Amino acid sequence: MSLFKLLRISGPSRFSARSAAYVGKAKYDYDLVVLGGGSAGLACAKEAVDSGARVLCFDYVKPTPAGTRWGLGGTCVNVGCIPKKLMHQASLLGEAVHEAVAYGWNVNDQNIKPDWKKLVKSVQNHIKSVNWVTRVDLRDKKVEYVNSMGAFVDPHTIEYSVKGGGPKQQVTSEYIVVAVGGRPRYPPILGATEFGITSDDIFSYEEEPGRTLVVGAGYVGLECACFLKGLGYDPTVMVRSIVLRGFDRQMSDLLEAMMSERGVHFLHTTIPSSVERQGDGRLLVKYRNTTTEQEDSDIFDTVLWAIGRKGLIEDLNLPAAGVQTKNDKIVVDGTEATNVPHIFAVGDIIHGRPELTPVAILSGRLLARRLFAGSKQLMDYADVATTVFTPLEYSCVGMSEEMAIQTHGQDNIEVFHGYYKPTEFFIPQKSVRQCYLKAVAEITGDQKILGLHYIGPVAGEVIQGFAAALKSGLTVKTLLNTVGIHPTTAEEFTRLSITKRSGRDPTPSSCCS
Ligand code: FAD
Ligand code: NA7
């Protein structure tokens with residue numbers, strides 16, 4: 001029997017499949033229950049309602065150990081991409097003030113400092129406005145929303161608490177989508193939860209962070225260290241193994257060099273042992289270098305754990321539904337189905353997929369279309385572009401050089417590369433040492449591009465368009481036949497002429513060489 005029952009209704013619709021409204025099984029209270037009101041869950045719930053499904057969405061945020069809590073919308077809006085980008089922008093503006101002087105602006109006090117409390121308030125006000133719009137949107141779209149944790153009772157039944165106490169309530173649903181995302185990890189060491197904070201706290205942190213130890217050198221750790229530095233604080237990044245594991249090595253090393261040049265400190269091959277509060281309120285952190293085995297300690301105002309995120313499966317009672325998990329994430333197939341055919345998972349909670357908002361949104365939306373609008377389109381997780389928002393940003397799409405070598409063999413790839421000098425860097429004499437880009441391509445034929453990497457200003461804006469081109473089969477031949485927009489930094493991709501294999505110096509002599 002088909003899972004997709006469609007009934008024709010009158011009225012216009014955006015998609016042809018939507019000329020039908022989904023009719024669910026009467027024996028269930030809902031056609032779809034979504035657990036988690038973040039990027040993935042909301043996208044899925046709204047799309048399902050558009051197709052006529054009866055949808056209920058649960059969202060609940062447990063406060064952090066430091067007591068931080070937030071509203072509807074999930075990680076991206078409240079404690080992820082959005083506040084991060086705003087703090088990044090605040091820190092870039094600090095650099096811009098100094099550059100402005102070189103451009104002739106009369107900035108009288110060049111030692112200006114940002115007002116942390118004011119910045120946090122502005123960021124939080126923006127978040128609250130987004131929370132509000134999200135709630136209104138759900139109401140307008142007639143997605144039912146319950147501000148409570150949902151947990152499985154059996155494969156079709158979800159249990160939840162109601163505000164103000166009383167007995168737990170239950171609802172049944174034909175389909176259930178788990179979109180509960182993840183939360184930052186804390187290391188199992190003395191004082192970690194008591195004295196440390198995470199990215200869940202920093203964007204609403206009332207105290208000035210001051211001298212900050214950022215433990216973890218992934219995407220989140222580097223971004224936090226960089227905006228703190230740009231805002232005038234003194235961050236140190238504790239690196240367990242290497243910076244940005246999983247990203248292109250050469251680009252990651254350049255990024256680390258750029259951060260060091262700007263005054264971010266690094267403690268290499270080091271792990272923390274304990275955090276203690278001193279009499280003066282500051283934090284004594286003891287740590288160990290795993291290469292030299294030397295133990296050491298230092299004093300910080302703030303310790304920020306950025307050691308990765310764990311999937312929020314612990315409160316779902318997944319055994320009651322029989323859903324399989326792996327390392328606190330949910331295992332799904334190419335249709336986002338779990339091992340229980342009517343239970344799906346989307347977003348950060350899926351095992352082995354990129355933890356990114358646009359991935360969460362698109363996978364949630366496509367799943368709803370498949371469940372309720374007759375679509376067959378699957379989510380394509382390949383060649384997802386991403387950006388690390390450091391002062392010179394790093395953006396990439398496709399394979400790293402290492403991955404290309406691993407999959408194609410060293411002799412079968414060609415790497416085109418070049419340093420470049422952004423025009424706007426000349427007057428304020430900004431360092432161009434890490435302004436670098438490369439295209440990793442096949443060596444034969446028109447040289448299909450496997451990966452593009454860029455460090456420089458507005459990297460995400462630069463790579464976004466190239467990501468579409470790469471997904472459309474971009475070749476080096478096409479890239480070099482593309483006329484650039486001058487003077488931009490993105491045009492540097494159209495001027496790549498030096499291969500690594502040639503051994504020629506990839507440094508340009510002037511802005512237009
Ligand atoms: P979430 O957004 O985490 O939503 C899950 C929701 O479900 C949460 O509200 C959670 O509290 C709730 N929940 C959990 N359990 C239950 C339950 N049992 N019942 C009901 N509700 C429950 N991505 C980018 O693309 N670009 C960026 O620049 C970027 N920057 C980031 C910066 C930081 C600091 C962080 C931490 C992440 C960043 N990300 C970024 C990643 C992005 O935020 C996530 O990929 C995205 O938010 C995942 O969405 P999701 O819907 O899967 O999960
Ligand atoms: P990542 O990318 O998993 O990075 C975690 C970092 O923390 C990484 O450098 C780890 O080092 C380090 N780590 C992990 N455990 C420890 C302990 N116990 N002690 C010290 N250091 C540790 O997570 P992020 O949160 O930065 O990013 C997750 C996603 O969020 C990202 O993909 C974005 O999409 C948004 P390792 O390399 O393992 O040695």
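**Entry 1: terms and ground rules**

I began with exposure, where buried means under 20% relative accessible area, exposed means over 50%, and partly exposed lies in between, with a 1.4 Å probe and protein chains only. I noted that this is a predicted model, in which local features need pLDDT of at least 70 and side-chain atom pairs count only at pLDDT 80 or more, while totals for chains, interfaces and linings use all residues. Residues are numbered from 1 along each chain as its sequence is written, chains are lettered from A and ligands numbered from 1 in the order in which they are written, and side-chain values use heavy atoms, with hydrogens and water left out.

**Entry 2: salt bridges across the sequence**

I looked up the salt bridges, counting a side-chain nitrogen of Lys or Arg within 4 Å of a carboxyl oxygen of Asp or Glu, and I found that the structure holds 29 of them. One of these is formed by D298 and R211, with N and O 3.0 Å apart. The two residues are 87 apart in the chain, D298 being in strand β16 (residues 295-300) and R211 in strand β11 (residues 211-215); helices (H or I, at least four residues) and strands (E, at least two) are DSSP runs, numbered from the N terminus. I read D298 as partly exposed because its relative accessible area is 24%, and R211 also counts as partly exposed, at 22%.

I then turned to D380 and K471, whose closest N and O atoms are 2.9 Å apart in a salt bridge. D380 sits in the loop between α9 (357-372) and β22 (386-388), K471 sits in helix α11 (residues 459-471), and 91 residues separate them in the chain. D380 is partly exposed at 43% relative accessible area, and K471 is partly exposed at 44%.

My next pair was E401 with K500, a salt bridge in which the closest N and O atoms are 2.7 Å apart. E401 belongs to helix α10 (residues 401-408) and K500 to the segment after α12, so this pair ties together parts that are 99 residues apart in sequence. E401 counts as buried because its relative accessibility is 12%, whereas K500, at 29%, counts as partly exposed. I also noted that E95, E99, R262 and K430 are joined into one network by salt bridges that share partners.

**Entry 3: domains 2 and 3**

I checked the domain assignment, whose bounds come from an automatic or database source, and it gives domain 1 (3-60 + 147-184 + 310-372), domain 2 (192-308) and domain 3 (386-495). The C-alpha centres of domain 2 and domain 3 are 29 Å apart. Taking contact as heavy atoms within 4.5 Å, I found 17 residues of domain 2 in contact with 22 residues of domain 3.

For buried area I used the accessible area (1.4 Å probe) that two parts lose on being put together, summed over both; domain 2 and domain 3 bury about 1800 Å² between them, with 64% of it on carbon and sulfur atoms.

There are two salt bridges between domain 2 and domain 3, and I looked up the one that K438 makes with D248 at 2.9 Å, N to O. On the side of domain 2 that touches domain 3, α7 (219-230) and α8 each supply at least two residues, and α8 gives the most, with nine.

**Entry 4: a buried histidine**

I found H453 in strand β26 (residues 449-456), where H453 counts as buried because its relative accessible area is 1%. The side chain of H453 reaches the backbone oxygen of M399 at 2.8 Å.

**Entry 5: backbone geometry**

I kept in mind that most residues other than glycine have a negative phi, and that most peptide bonds are trans. L244, which is not a glycine, has a positive phi of about 50°, and I placed L244 in the loop between β12 (234-238) and α8 (249-261). L244 is buried because its relative accessibility is 1%. D328, again not a glycine, has a positive phi of about 55°, and D328 lies in the loop between β19 (325-326) and β20 (329-330).

Last, I looked up the peptide bond that joins H486 and P487, which is cis with omega about -5°. P487 is placed in the segment after α12 (476-481).

Note on methods:
Polar contact = N/O pair within 3.5 Å; in protein donor to acceptor, adjacent residues only side chain to side chain.
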